[in-house]
Amino acid sequence: MSLLKLEIHAVRNIQKATLIPSPTINFIVGENASGKSALIEAIFILGRAKSFRCATIKSVINFTAAHLIVSAKISQTNGNQLHLGIQLDGKAIDIHINQQAHQKRSDLAYALPLQLIHPKSYELLDAGSQLRREFLDWGVFNNDPDFLPAWRKFKKALSQRNALLKTRRPEQLNVWDNELVTYGTIVNSYRQQYLQKFKPVFIEIIGKFLSLDGIDLKLISGWDTTTEFKRVLIEDQTKDLRYGFTHSGPHRGDFQLLINNRLAKHIVSRGQLKLLVMSLKLAQIQLLDNEQSSTGCLLIDDFAAELDVINRAKLLHYLSEMACQVFITGTELQDFGDLSQINNYKMFHVEHGNIKSV
Ligand SMILES: Nc1ncnc2c1ncn2[C@@H]1O[C@H](COP(=O)(O)OP(=O)(O)OP(=O)(O)O)[C@@H](O)[C@H]1O
Ligand SMILES: [Mg+2]
């Protein structure tokens with residue numbers, strides 16, 4: 001998969017821009033506040049229908065505009081071309097795929113699998129479990145199309161059960177418990193299977209950047225798996241009724257990154273933490289290629305802030321060999337180091353929201 005042509009309208013200080021990117025690496029250079037992150041944000045919005053910088057899309061829309069639009073022509077791995085478009089006005093989301101309106105976010109996400117590395121990425125291992133759950137589920141979602149329907153049924157059962165718990169009437173709980181157990185168990189086993197496939201790919205990639213022994217990834221299911229999920233729900237019932245929500249289940253799922261059985265985030269340096277997170281994200285893109293023969297798109301905002309010179313060179317070398325379209329931003333051309341060994345790349349210069357190929 002790669003973006004053949006990208007059009008942006010009213011994303012932050014980018015009023016209007018058209019880009020013909022390279023299918024390999026695209027370097028985006030510009031001074032502070034020129035609009036580099038805005039470009040990365042625009043591509044992210046096209047794949048995920050949300051911003052990575054703020055929860056409300058209103059602040060992303062150019063101050064003088066009522067809505068933003070991002071659209072692209074993409075080539076898929078099977079050779080087909082697709083037109084994707086998204087329009088957001090802060091209230092409604094309008095997604096077009098091949099001129100057909102009212103398409104789903106999930107269709108967008110399947111068409112444009114994106115990973116993002118940016119200065120706050122280390123939060124993946126540092127912050128609460130939700131980010132890691134989303135990370136894991138992105139991988140499972142792209143790895144197996146059967147995951148999404150099971151996940152949706154699980155979410156529905158969970159919200160129905162929680163609504164019932166709030167009424168404090170346990171009579172119908174049994175019906176939703178059965179649904180929750182059926183789909184919760186499926187969701188959990190998809191995550192488990194994915195992590196098994198993911199682990200060796202991740203360990204190989206991290207080995208290129210760090211020499212750390214004893215790295216392991218462990219799934220946290222969201223309940224004590226020495227007991228059946230059904231049994232746990234029964235044991236939790238009094239507590240669930242008292243607080244009005246379901247305490248145990250895959251909605252509490254997580255994964256741990258361990259080094260010799262200790263949580264990595266407690267023992268590694270900040271730089272190592274960034275490299276671990278970067279490798280987790282690269283591994284997801286790599287696994288997509290291995291398993292689905294579908295290449296994703298990788299966005300790296302603020303390249304220099306992430307890594308030291310040696311690791312930047314290693315990363316560029318890795319990216320140049322990876323079958324993946326990449327967009328990388330930096331304030332100086334020198335940030336990217338020696339580009340003489342990289343084929344087919346393109347360079348874009350950003351100034352006051354204007355993007356020019358150089
Ligand atoms: N909704 C908006 N409408 C217009 N301009 C905006 C909006 N939101 C932010 N901006 C401005 O857009 C400009 C570009 O911001 P952006 O974050 O893309 O810069 P950048 O090139 O990534 O800079 P840095 O190198 O500091 O990361 C900034 O001047 C910012 O103040
Ligand atoms: Mg920026």
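Mentor: Helices here are DSSP runs of at least four residues, strands are runs of at least two, and both are numbered from the N terminus. Keep in mind that this is a predicted model.

Trainee: How many helices and strands are in the chain?

Mentor: The chain has 11 helices and 14 strands. Its radius of gyration is 22 Å, close to the 21 Å that the globule rule gives for 358 residues, so the chain is as compact as a globular protein of that length. Along the principal axes, the C-alpha trace spans about 65 × 50 × 35 Å.

Trainee: Which domains does the assignment give?

Mentor: Domain 1 covers 1–113 + 297–358, and domain 2 covers 118–293. Their centres, taken over C-alpha atoms, are separated by 28 Å.

Trainee: How many residues of each domain are in contact with the other?

Mentor: On the domain 1 side there are 17, in contact with 15 residues of domain 2. Helix 10 (303–306) and helix 11 (309–321) each supply at least two residues of the domain 1 side. Helix 11 gives the most, with 3 residues. By class, that side of domain 1 divides into 9 nonpolar, 3 polar and 5 charged residues.

Trainee: Now a single residue. Is M1 buried or exposed?

Mentor: M1 is buried, because 23 other C-beta atoms lie within 10 Å. M1 is found in the segment before strand 1 (2–11).

Trainee: Beyond its neighbours within four places in sequence, which residues are in contact with M1?

Mentor: Among them are I74, L112, S294 and C297. A separate distance concerns P23: M1 and P23 are 22 residues apart in sequence, and their C-alpha atoms are 8.5 Å apart in space.

Trainee: How do I read the two faces of a strand?

Mentor: In a regular strand the side chains alternate between the two faces of the sheet. Take strand 3 (residues 25–29) as the case: I25, F27 and V29 are on one side, N26 and I28 are on the other, and all are buried. With 5 of its 5 residues buried, strand 3 is largely enclosed by the rest of the structure.

Trainee: Which strands pair with strand 3?

Mentor: Strand 12 (residues 325–330) pairs with strand 3 in the parallel sense over 5 bridges. In that pairing, I25 stands opposite V326. Strand 13 (residues 346–351) also pairs with strand 3 in the parallel sense, over 4 bridges. There, V29 stands opposite H349.

Trainee: What does an antiparallel case look like?

Mentor: An open sheet of 3 strands has antiparallel pairing and the order 8-9-10. Strand 8 (215–220) and strand 10 (262–263) stand at the edges with a single partner strand each, so one side of each is left without a neighbour in the sheet. Strand 9 (residues 254–259) is joined to strand 10 by 2 bridges. One bridge pairs L258 with L263 in strand 10.

Methods
Residues are numbered from 1 along each chain as its sequence is written. Chains are lettered from A and ligands numbered from 1 in the order in which they are written. This is a predicted model: local features need pLDDT of at least 70, side-chain atom pairs count only at pLDDT 80 or more; totals for chains, interfaces and linings use all residues. The radius of gyration is taken over C-alpha atoms; the globule rule is 2.2 Å times the number of residues to the power 0.38. Domain bounds come from an automatic or database domain assignment. Two residues are in contact if their C-beta atoms, placed from the backbone, lie within 7 Å. Ala, Val, Leu, Ile, Met, Phe, Trp, Tyr, Cys and Pro count as nonpolar, Asp, Glu, Lys and Arg as charged, and the others, Gly among them, as polar. A residue is buried if 20 or more other C-beta atoms lie within 10 Å of its own, exposed if 12 or fewer, and partly exposed in between; C-beta atoms are placed from the backbone. Two strands pair if DSSP finds at least two bridges between them.
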